[in-house]
Amino acid sequence: MTPLLEVKDLRVEYRAKGFHARANEVLHGVSIEIAPGETLGLVGESGSGKTTLGRAVLGLVPQSSGQITFDGAPVAPGLGKQRRALARDIQVIFQDPYTSLNPAMLVSDILSEPLIAQGRKAKDARTAVRALLDRVALPSDAERRYPREFSGGQRQRIAIARALALQPRLIVCDEPVSALDLSTQARVLDLLIEIQEQSGVAYLFISHDLSVVHHISHRVAVMLRGELVETGSADQVTGHPKHPYTKKLLLSAPVADPDEQANRRAERHRLVEAGM
Amino acid sequence: MSIEGTPIAIDPSTLATSHEGLARRFLRNPLGVVSLAVLVVVTLVGLLAPWIMPQDPNLSSLAMTNAPIGGQYLLGGDSSGRDILSRLIAAINVSMESALIVAGVAAVIGVPAGLIAGYFGRGFEAVSTWIFNLLQAFPVIVILLAIYSVIGSSSELLTAALGVLLSVSFFRLVRSLVIGVKNELYVDAARVSGLSNWRILGRHVLYVVRAPVIITASYIAGLGITLQSSLAFLGITNATVPTWGGMILEAFSNLYTSPIEVLWPAMALGITVGAFVLFGTAVRDTLEGPRVSSRRLKAPRRRTEGAALEDGGALLSVSGLSIGYPQGSKIRLVVDDVSLEVQPGEILGLVGESGSGKTQTAFAILGLLPESARVTAGTIRVNGANILNLPPARVGALRGKVIAYVPQEPMSNLDPSFTVGSQLVYGVRAVTRVSRAEAKKVILGLLARVGIADPERTFRAYPHEISGGMAQRVLIAGAVACNPNLLIADEPTTALDVTVQAEILDLLRDLQKESGMGVVLVTHNFGVVADLCDRVAVMKEGRIIESGPTREIFAMPQNDYTKKLLASILDDRSPLRRGNPGSTLAEKATAR
């Protein structure tokens, strides 16, 4: 099966301000593949480059070398005209549902904007908006309200509806549940899984939380300082990690069971003493 | 110290309320109504001038030279025997015109230049910034005099030139606003949706810029009238058209014989310019949202003094605590009848979701509630003394020595302009009277104790030179520096990476064991509770709904909400996602 998205040896560097400042490379040749309908979980700590990888796939950061291929065709870097046409296929859900929705726009305008940008008629867009709200289980009167009238979980549902508007084949989810409360988090993850089962959309799911990634992903990739250290099926990476960093990451996350947590703590201390 | 995350934090989205709401709020502001009314009246009088002027403004009659007030000429006559009232009215249009021209020209040049420079940056930004800086460096009046000497006394051209000179205010304002908004996630989302740059500028960016531009325009309009009048006062405008500046000039030459004449044009000028400025201020007030009333609401204090129990040596004992915030004439409770106890050497976990009141409870114990908060009932006893009854100075003395605090955001709790060391030394010396050198020795020891590899270097470092995990270690070192009995830790690991979190939890556990202090750990993470806490109290909507030893709560939660929270945890016990991508629903259901 040809992969839906293929990233090959991607390098991204941020140019530092100033005349002779050296560029700072944050991705050192990263390669990933995502099959249609698959979820690839991307785990890493802050500064590991996982968000940059997502933004490069979206065309929001320039790549210094490497190749991104979508559905067999190479993707031009940046956000040129060709990339804008690809908007129909690659969409995004951001971490912070408070700043990812324009506070000045009605929900109906937020949801119809991508449709109208892709040349749909206003009337069609309106019908589509109603279907989208229904899809993410928000009441239909939500369209006449502003984002501030909704809770964090509801706002993230609006953001999901916006991502679904163009019926994309890949959605980059950048920490979509990190800002949410525990119980809301579980409901939003279930919604994402349900949408995938019905529409066959693929996810690049970025998170720092292994348990969240484990819950939603088919395959998991672990990033450390701009490089992938381990890739494999979700069960293999979270159940039998090979790389010592993955092991440490797993053992560092506390579990909600005092006795099991004490065991994990002891195990982590052994790992640290062994030099990781 | 930050008190972010309190429920009264002003919602930034109030900046963008719906239209009707804005108009209504503006009209409820007396400043807005009065300034708007003045502007409307002045404009109307100006437009109707030909019909309502009592005399021809240029008609001079020898008999009416310096005529007194109240005769045939209502406001008297000037030195040439012309009607002052008619001339005042006739001058309105010139003033309003120059206000419009100046504000219009400045906005037409400054706003688009600012939009493009801010959004696209690069070459255009560098060149335009340079040009506008140059414009600002020119002395306005001198430039206008130079232009006057070239083009003559066309007042429209002069005011237009003034507009060009003032456009730098719009440019700077718009550019900085756009730079702020272009990195917003919703702009990124619009880009990913395939919107072109121009559409993003029109839909998302322009909206943010609109209100500040209106405000600046009204200030600039006022400034335009003032400068136009100054030019007229200097005598470099067309003398056949009456202007307020020109009238002041005439009245000036006549100041000793008829001093009252200067009053009328000065008043007209002052009132109109003032109305423009106040209008801008009122618009700004409206956009900033309703101001929180600073009126102190007297809360009914339910005294529980008599019923105070002799708590058997509890380090911290909170009983019946209620905290509310005034909302209109009522008080909305965010903490409702909360009671808890911490024994020496015990770690209590205070868990709940956002808005459950856990942070408010912690801040009440620290005596750090925001100004507007009201403790409506209850007691907080630390070592037996009710801190709610103590004078603020005594509570302040308790902090640091008896109660210490570890915050959620280590970085925002260190002052970026001082070195880590100087902040810690300051803290130690505020509590104990030791010399600077001794304090430094204590701090260096503590920094080593909290696991900082090179204490000397960290001591000399500024906060931006250390990592988030290191900053949290520094703050923990500061918190335990004076051997407190009680440590309040508000989500101490939430902002940290998971591997760093594990290290900080280890550190807190070790320090607690060594010193035997009591700890209140505020968190939303049940894993952290399981790792560290002896007892747990679960909060929901301001109440404690369940509390008990950690093991019992995890093994047998009694309350439905606690059960639901524990069931939401996605650790190894939750159903895994298996099956192949693209497989059907039914296959997946069986695979689960």
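Two strands are taken as paired where DSSP finds at least two bridges between them. By this criterion, the predicted model contains in chain B an open sheet of four strands in the order β2-β1-β4-β5, with antiparallel pairing. The edge strands of chain B are β2 and β5 (385–386), each of which pairs on one side only. Strands of a sheet pair through backbone hydrogen bonds, in either a parallel or an antiparallel arrangement.

Strand β1 of chain B, comprising residues 316–327, is mostly covered, with nine of its twelve residues buried. Nine bridges connect β1(B) with strand β2 (residues 330–342) of chain B, and the two run antiparallel. Within this pairing, L316(B) lies opposite V342(B) of β2(B), and V335(B) in β2(B) is the bridge partner of I323(B). The hairpin formed by β1(B) and β2(B) has two residues between the strands, and G328(B) adopts a positive phi near 65° there. Strand β1(B) is also joined to strand β4 (residues 374–382) of chain B, by seven bridges and in antiparallel orientation; here G324(B) stands opposite R374(B) in β4(B).

Helix α12(B) lies across β1, β2 and β4 of chain B and runs at about 110° to β1(B). This helix of chain B spans residues 358–366 and is mostly covered, eight of its nine residues being buried. The buried residues of α12(B) include the polar K358(B), T359(B), Q360(B) and T361(B), together with F363(B), A364(B), I365(B) and L366(B). After α12(B) comes G367(B), with a positive phi near 70°.

Technical notes
Residues are numbered from 1 along each chain as its sequence is written. Chains are lettered from A and ligands numbered from 1 in the order in which they are written. This is a predicted model: local features need pLDDT of at least 70, side-chain atom pairs count only at pLDDT 80 or more; totals for chains, interfaces and linings use all residues. A residue is buried if 20 or more other C-beta atoms lie within 10 Å of its own, exposed if 12 or fewer, and partly exposed in between; C-beta atoms are placed from the backbone. Two residues are in contact if their C-beta atoms, placed from the backbone, lie within 7 Å. Axes are lines fitted to C-alpha atoms, for helices over the stretch in contact, and angles run from 0 to 180 degrees between N-to-C directions.
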